[in-house]
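Thank you all for coming.

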Amino acid sequence: MSTSRAPASMQVSPGKGLGFLTLGSSLHNVLGRIKSRPQVYPAIDVAYSPTEPLNEPVILNLPSNGLRLRFDGPDQRLRLIEVLDFSKVPLIYKSQDVVKGSKPSDQPSTSTGPHFRHVYNRLFGPSYPGEYLPPAGDSPYGTYVLSYPGVAFSFPLQDSAWSDNCDFVALLSSSAASPAISMAIFQGPSWTEVRNSLFTAPPQLPRSPALIGKGREAVPDEVEEVRVLGAGRIELVRRSSPSLLIILSETTPQDLIAELGPPDAIYRKNDRRISIHGAPGPVRRNMMSPSPGRGLDMLETDHSSNNSPTDDSDDETTRGTDVDPSSLPAECFLNYFHHGFDAFVSYPTTSGPAFPGSDVTDLAPPIASSQLTVTKFVVHGNVPGSYPFNRHRRSRWQILLDSAGNSLTSETNYDEISRRLKKVWKGSYSSSAEETALQRGMVLNRGWGDSPESSVELLGGWEESAGGKHRSSSTGQDSGRGLGNTELFGFPGLLFEVLKNGAVSSMTIY
């Protein structure tokens, strides 16, 4: 018996979305919901820039459904919804079918979309004149883009019939025009006005549709940015609530859960295989560098949920929905997948130092205590092509280096991050040899011990493509996925996991 079913109709909401696809939603949210419905969305194709994955748009194609979704690179939020094949997705607008009364015709597309008369007279009403795009190459058809607030249609139009002084209503109603071949949903008054700022204008709606129309009491506010202030201080800038200040080795799990809600999961890891890289003997307080002179075991480089439990480790992962903060195990991660970060809970320890030149002062060494606190904070980049892609949503961050406002961001290439931080900490090393040793990268393999919850099957290694867009599909065999190797680089209070293209996959603050 076939398990396939006819796709349900999707409601067109100009300027807001299509069905459950809401403009402004995070890539993590959208891709997660689509993957949970394989009968409806059997094929998923992701395209991204292998060299600039955080600056160029990420494109999510759903070929079996006739849809294409475009997300901006830095924030990974849905900016444009395109219907490319009207025959594969039933559309409804205010209880009316978007495609109605279409008949086969001699047109340059096999997809029969809505006729101009239906769009103009029955669906959206009168409109200002649109934009005519001349044909590319030798095609006899140009494209007329008819735009309304938040939605636009593209109609093939015979180029020989077009003139700047024509009556566009009469022309599009004539035999010179064919039914629409695509529809776009966006935020803005018209396609012409917004197309140049489509991926840069601030989205009006939140990353999670669950926050639309909800009060703070119902759903915790989303975090817009993580700001690293130095000396164990982290500021979480929120969408509509006041910022939350986290002080490492002082902020408790109860504090975090009260502000951010319960975690999505709790991850306990007892494996200490990385401890072989620890440095013998005492380490000077002002260095605090984990690469590789200080014990990498202290930083839990196999942090949070990036690696799955294996037979030779003693890991445990549980749902955190009904967590009781008073019963948390010592040394566990609170996984906030929907926020894009994890908090490591343990007994208080000495945090990293303040940045030289900043107005932040170092914290006093913590007093020995049995009170569990947040001692490390892991911010995830959700970089397309990385091993843990779509495990967390992308969380943007900023490192505030000094009181003058100089900073580094989550979109900065690691080469520039390294150059700037080496300059900041230049006077903290006893010799150039020590500086070189402590800043040498360590290779970390993410590929062994595949996690059944990982989304890595959607994307192969970015190294397979030398340029242009890298494409991958969830329906094909992942034959070239490699080992998922990254490199770890450390500075006082910070640890960066870096891909070969220089993008920061995650940052640990300790």
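Let me begin with terms: strands (E, at least two residues) and helices (H or I, at least four) are DSSP runs numbered from the N terminus, and two strands pair if DSSP finds at least two bridges between them. This is a predicted model, in which local features need pLDDT of at least 70 and side-chain atom pairs count only at pLDDT 80 or more, while totals for chains, interfaces and linings use all residues. Residues are numbered from 1 along each chain as its sequence is written, and side-chain values use heavy atoms, leaving out hydrogens and water.

Five strands form an open sheet with mixed pairing, in the order β16-β15-β14-β22-β23. Because β16 (244-247) and β23 (407-409) stand at the edges with a single partner strand each, one side of each has no neighbour in the sheet. Within this sheet, β14 (residues 223-230) and β22 (residues 397-400) pair in the parallel sense over three bridges, and Val226 has Trp397 in β22 as its bridge partner.

The largest has 51 residues, and Leu69 and Leu91 have the most contacts inside it, whereas a second, separate core of 41 residues includes Ile234, Ile257, Val374 and Phe491.

Definitions and conventions:
A nonpolar core is a set of buried Ala, Val, Leu, Ile, Met, Phe, Trp, Tyr and Cys residues joined through side-chain atoms within 4.5 Å. Buried means under 20% relative accessible area, exposed over 50%, partly exposed in between (1.4 Å probe, protein chains only).
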